[in-house]
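Subject: Structure handover

Hello,

I am passing on the structure we talked about, together with notes on what turned up in it. Please look it over before reading on.

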Amino acid sequence: MTASVTQNAHQVSTKAVAWLHTHRELGALPADTTADLGDPDSVYKPLGETALAASLVLRESAAGSTTLGMARELMEFCWRQFGNGDMLYERLLRHSMTTDPMETYAPFARSGLRHEPLERLLAHTSALRSFRGVEILPNRRLAVANVARVVGLDEGGHGYDWETLTRATWLGGTPEPWLIDWMAGYCATHAVFHLTDWGGNPTGLPDDLTEYVSMWLPVWIDIWAEIEQWDLVIELMIVGCCLKDPYCDPADWERLARVQHADGLVPRDGGPVADDPERRFAEHQHTAVVAAVAGTLAVSRTLGEAAGAR
């Protein structure tokens with residue numbers, strides 16, 4: 001069972017990373033982009049997500065040498081797009097209460113690409129009452145807390161109250177699981193991601209939430225798979241890889257391997273996939289990102305389980 005998961009997860013993640021690497025120039029920032037960002041979600045946010053996926057591939061070191069090489073090149077590409085960190089510094093300097101420069105920086109810091117002036121500015125800004133009081137969704141507060149942990153900004157009296165932050169989320173209230181909708185599902189997955197640092201610290205999810213998620217995760221995956229919402233399905237599969245006892249169902253991985261296109265594209269849903277390369281990339285980049293993350297973590301966790309069983 002573990003072998004089949006590992007094999008399919010390796011295939012999915014390897015092909016997804018290769019697809020992102022092949023088409024990376026389609027995700028480049030427009031030449032006239034400034035730190036003010038008229039639409040942060042258009043290219044800036046997806047670039048940061050690609051960097052996140054690449055950083056986790058490198059962190060886990062469970063991929064082959066070719067895939068690891070592509071992940072390093074993706075990291076370097078994204079870092080150059082952000083001016084080797086200068087753009088993130090400029091954005092935070094101009095917009096001191098925005099959290100996205102801090103969130104975008106974390107994957108680079110995790111991979112050893114540091115920007116000292118940005119870190120000094122982050123250390124100052126993130127300690128301000130104004131920054132700490134920014135009104136954002138509870139799962140985003142967890143994101144900021146996790147970034148502070150990754151970058152090293154949660155020391156010297158600047159730590160976060162993880163228990164309070166956790167219980168403020170939808171998931172933290174162990175809600176009626178049958179009332180989940182797309183947005184609640186998205187928020188729940190990200191609460192787990194940030195509490196566990198994307199599977200790097202599975203014990204970060206409290207025991208009662210671990211029990212709750214372990215019980216309902218298979219049901220939620222089936223629900224979203226039935227309506228072919230692959231983006232959310234894969235995020236839920238990432239959640240399974242973040243648990244203390246990872247949930248990696250062979251049938252889920254077989255299904256995802258079938259859904260993935262031969263070139264590595266993973267469709268976001270059951271709708272038609274456009275032929276135009278730019279539209280294909282824009283519409284399915286995020287699904288490739290989460291597929292790369294899910295596959296990477298599944299390979300790492302299943303190999304770890306297998307090694308522990310010997």
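Leaving aside residues up to four places away in sequence, Glu49 touches His286 and Val289. The model is a predicted one, and the notes below should be read with that in mind. Glu49 belongs to helix 2. Its side chain makes a polar contact of 2.7 Å with the side chain of Lys45. Is Glu49 buried or exposed? Glu49 has a relative accessible area of 15%, so it counts as buried, the cut-off for that class being under 20%.

Helix 2 runs over residues 44-60. From its first C-alpha to its last, this 17-residue helix reaches 25 Å, close to the 24 Å expected at 1.5 Å a residue. Helix 2 is mostly covered, with 13 of its 17 residues buried. Just after the helix comes Ser61, which takes a positive phi of about 50 degrees.

Thr50 is another residue of helix 2. With a relative accessible area of 5%, Thr50 falls under the 20% limit and is therefore buried. Beyond residues up to four places away in sequence, Thr50 touches Leu20, Leu74, Cys78, Gln285 and Val289. Val289 is also among the contacts of Glu49. Thr50 and Arg91 are 41 residues apart in sequence, and their C-alpha atoms are 19 Å apart in space.

**The cavities**

How many cavities of 30 Å³ or more does a search of the whole structure find? The search gives three, and two of them are described here.

The largest cavity holds about 60 Å³ of space. It is lined by His10, Ser13, Thr14, Val17, Val57, Ala62, Ala63, Thr67, Gly295, Thr296 and Val299. By class, the lining has five nonpolar and six polar residues, and no charged ones.

The second largest cavity holds about 50 Å³. Thr50 is part of its lining, along with Leu20, Arg24, Gly27, Leu47, Leu74, Phe77, Cys78, Phe281 and Gln285. At least two lining residues come from each of helix 2, helix 3 (65-81) and helix 14. Helix 3 has the largest share, three residues. This lining divides into six nonpolar, three polar and one charged.

**Helix 10**

Helix 10, residues 182-195, has 14 residues. Its reach from first C-alpha to last is 20 Å, close to the 20 Å expected at 1.5 Å a residue. Helix 10 is mostly covered, since 11 of its 14 residues are buried. Those buried are Ala184, Gly185, Cys187, Ala188, Thr189, His190, Ala191, Val192, Phe193, His194 and Leu195. What do the buried residues of helix 10 pack against? They pack against helix 8 (138-151), helix 9 (162-167) and helix 12 (230-242). Just after helix 10, Asp197 takes a positive phi of about 50 degrees.

**Asn8**

One more residue is worth a note. Asn8 sits in helix 1. Its relative accessibility is 15%, so Asn8 counts as buried. Not counting residues up to four places away in sequence, Asn8 touches Trp253, Glu254 and Ala257.

Regards

How values were computed: Residues numbered from 1 in each chain as written. Predicted model: local features only at pLDDT ≥ 70, side-chain atom pairs only at ≥ 80, totals over all residues. Heavy atoms only, no water. 1 Å grid on protein atoms, 1.4 Å probe; cavity = no way out; pocket = protein on both sides within 12 Å on 5 of 7 lines; lining within 4 Å. Points joined across faces, edges and corners; volume = space filled by probe spheres on them. Nonpolar A, V, L, I, M, F, W, Y, C, P; charged D, E, K, R; others polar. Helix = DSSP H or I, 4+ residues; strand = E, 2+ residues; numbered from the N terminus. Expected span 1.5 Å × (residues − 1). Buried < 20%, exposed > 50% of the residue type's maximum accessible area, 1.4 Å probe, protein only. Contact = heavy atoms within 4.5 Å. Polar contact = N/O pair within 3.5 Å; in protein donor to acceptor, adjacent residues only side chain to side chain.
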